[in-house]
Amino acid sequence: MKSKKPSISDSKTEIKAQHSIDSVFTGMKKFLHDYISIKEGTDYVTYIEELRGTIYLRGSNFWFLLCSTILACIGLDLNSSAVIIGAMLISPLMYPILGIGVGGGINDEKGALISIREFSLTVLLGLVTATIYFSLTPLGLPTSEILARVKPTFLDVGVAVFGGIAGIIANTRKKVSSAIPGVAIATALIPPLCVAGFGIAKGMWEVFAGAFYLLLINSVFISASAYAVVKILKFPLKEHVDPEKEKKRRIFYYAILIVVIIPSLFIFYNIIVEARTKNQITSFVNQNLNKGNNQVLNWNTQQFGDTLKELRIYMIGDKVQKERKDSLQKMLDSYDLGDYRLIIRDMGVSADLKNDLTREITSNLLKTIEAENTIDERDVEIEELKNTMQTYTQDSARINKVLGDVRTFNPEINKIAYSVFNQREEISPDSVSYF
């Protein structure tokens with residue numbers, strides 16, 4: 001049986017279909033290029049020249065760093081996020097970091113080394129300034145703004161990467177981009193530097209290590225993002241190197257990134273485990289213990305060695321019997337908490353008594369506030385009376401002096417009378433004084 005040969009019309013149909021597919025792909029490519037391309041509007045010549053002038057810690061950059069460091073320290077000390085944001089906006093710390101990435105991206109070894117030197121000097125000055133501030137401040141307590149920067153995680157790597165990408169793209173535009181202030185806030189370079197100074201000043205080396213590690217993460221991955229974007233934008237190379245040397249350099253960069261990122265992965269994993277365990281314990285407590293007259297006041301976990309873990313729960317209300325405790329211990333397996341030993345502490349207070357105490361305390365508190373308001377009002381009245389008496393005393397002294405002068409110059413006068421009156425009142429005979 002002979003096979004049917006393809007006709008001319010079939011070939012034309014296939015050609016048209018292929019042409020339609022090619023047109024779709026071409027249109028999609030153009031669409032993506034128009035919306036995603038970052039090459040358009042790049043002014044690498046001007047940017048590199050400006051960057052070389054801003055990486056140095058001298059002149060205005062010196063004072064910007066000093067002011068931003070002190071502002072950030074004050075914001076951390078007062079737990080004020082607004083002051084910290086202001087400090088981030090004026091900090092010049094990002095310039096040498098971008099200089100390191102751009103220098104590596106265009107094979108400018110001298111420029112990269114200068115940027116590393118200036119970055120080191122900047123970090124050193126910031127550390128010294130923050131340490132001096134927190135050694136002298138009368139506050140110097142570990143506020144929530146400080147504690148928020150002592151446990152960097154893998155998520156901080158993401159902030160640094162995308163912040164660095166946005167930073168280098170914004171800075172290489174021909175027109176000044178409105179994204180630059182946002183990049184300065186997002187990457188948050190100066191606060192961890194100041195928290196590291198806090199750790200040194202207070203001898204809290206775990207705080208120093210965590211904050212300095214956060215600064216290292218931000219710096220390394222912002223620099224790496226700048227390096228990658230420079231390669232994508234195809235900045236002209238200052239000098240060409242042989243492929244073998246370029247390969248070794250690239251391996252060196254990757255090794256640094258891996259070494260920096262590994263601790264953050266462990267910290268991030270531990271935070272996820274802690275959050276998951278907290279949710280499981282909260283579910284266990286709410287579903288099995290917060291019932292009827294029983295109420296959980298607090299709970300905590302303790303670990304002894306590598307294997308022994310305890311879940312301690314402090315309760316009020318009806319006493320939990322041993323059989324019930326044994327049953328609850330077995331129920332921990334269904335909440336993935338089987339490796340914990342359950343310890344329930346009965347606080348010997350009923351829920352009704354707790355509610356009565358709460359109401360009594362609230363009532364007493366309201367009475368105290370009302371009494372304080374009454375005392376404040378009386379203090380105001382007493383102060384007004386004191387001011388009035390002082391005014392009368394001063395007026396009386398002046399009148400007595402005048403009357404004394406009158407008698408001195410007019411000895412024939414035997415009696416003098418005076419009266420203190422309000423302009424709206426008539427003089428009363430009772431208010432007349434003689435001497």
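**Exercise 1. Salt bridges**

How many salt bridges does the count come to? Work through the pairs and their surroundings.

*Solution.* This is a predicted model, where local features need pLDDT of at least 70, side-chain atom pairs count only at pLDDT 80 or more, and totals for chains, interfaces and linings use all residues. Residues are numbered from 1 along each chain as its sequence is written, and side-chain values use heavy atoms, with hydrogens and water left out.

Step 1. A salt bridge is a side-chain nitrogen of Lys or Arg within 4 Å of a carboxyl oxygen of Asp or Glu. Side chains of opposite charge can pair when their charged atoms come close.

Step 2. Count. The rule gives nine salt bridges.

Step 3. Take Glu118. Its partner is Arg117, and the closest N and O atoms are 2.8 Å apart. Next, sort the residues by cover: buried means under 20% relative accessible area, exposed over 50%, partly exposed in between (1.4 Å probe, protein chains only). Glu118 is buried because its relative accessible area is 4%. Arg117 has 43%, so Arg117 is partly exposed.

Step 4. Take Glu145. Glu145 pairs with Arg149, with 3.0 Å between the closest N and O atoms. Both Glu145 and Arg149 are buried.

Step 5. Take Asp326. Asp326 and Lys322 form a salt bridge at 3.1 Å, N to O. Both sit in helix α13 (residues 322-331), four residues apart, about one turn of the helix. Helices (H or I, at least four residues) and strands (E, at least two) are DSSP runs, numbered from the N terminus. An α-helix has 3.6 residues a turn, so residues three or four places apart point the same way. Asp326 is partly exposed because its relative accessible area is 36%. Lys322 reaches 58%, so Lys322 is exposed.

Step 6. Look for a network. Salt bridges link Glu310, Arg312 and Arg341.

**Exercise 2. Helix α12**

Describe the span, the kink and the buried residues of α12.

*Solution.* Step 1. Span. α12 (residues 243-288) has 46 residues and reaches 66 Å from its first C-alpha to its last. That is close to the 68 Å expected at 1.5 Å a residue. The expected span is 1.5 Å times one less than the number of residues.

Step 1. Kink. A kink of about 25° lies at Ile261, shortly before Pro263. The bend at a residue is the angle between axes fitted to the seven residues ending there and the seven starting there.

Step 2. Burial. The buried residues of α12 include Glu246, Arg249, Val260, Ile261 and Phe284. Asn288 is in this helix too. Asn288 has a relative accessible area of 10%, so Asn288 is buried.

**Exercise 3. A nonpolar patch**

Which helix gives the most to the nonpolar patch?

*Solution.* Step 1. List the members. Phe64, Leu71, Ile85, Leu89 and Ile90 make a nonpolar surface patch of about 380 Å². Patches are made of residues with over 30% relative accessible area and no salt bridge: like charges are joined within 9 Å, nonpolar side chains (Val, Leu, Ile, Met, Phe, Trp, Tyr) within 5 Å. Accessible areas come from the Shrake-Rupley method with a 1.4 Å probe; for residues, only the protein chains shown count as cover.

Step 1. Assign helices. α3 (60-78) and α4 (81-90) each supply at least two patch residues. α4 gives the most, with three.

Step 2. Check one member. Ile90 is in α4. Ile90 is partly exposed because its relative accessible area is 33%.

**Exercise 4. Positive phi**

Where do Asn107 and Asp336 lie?

*Solution.* Step 1. Asn107 is not a glycine, yet has a positive phi of about 60°. Asn107 is in the loop between α5 (94-105) and α6 (109-136). At 1% relative accessibility, Asn107 counts as buried.

Step 1. Asp336, also not a glycine, has a positive phi of about 55°. Asp336 lies in the loop between α13 and β3 (340-346).
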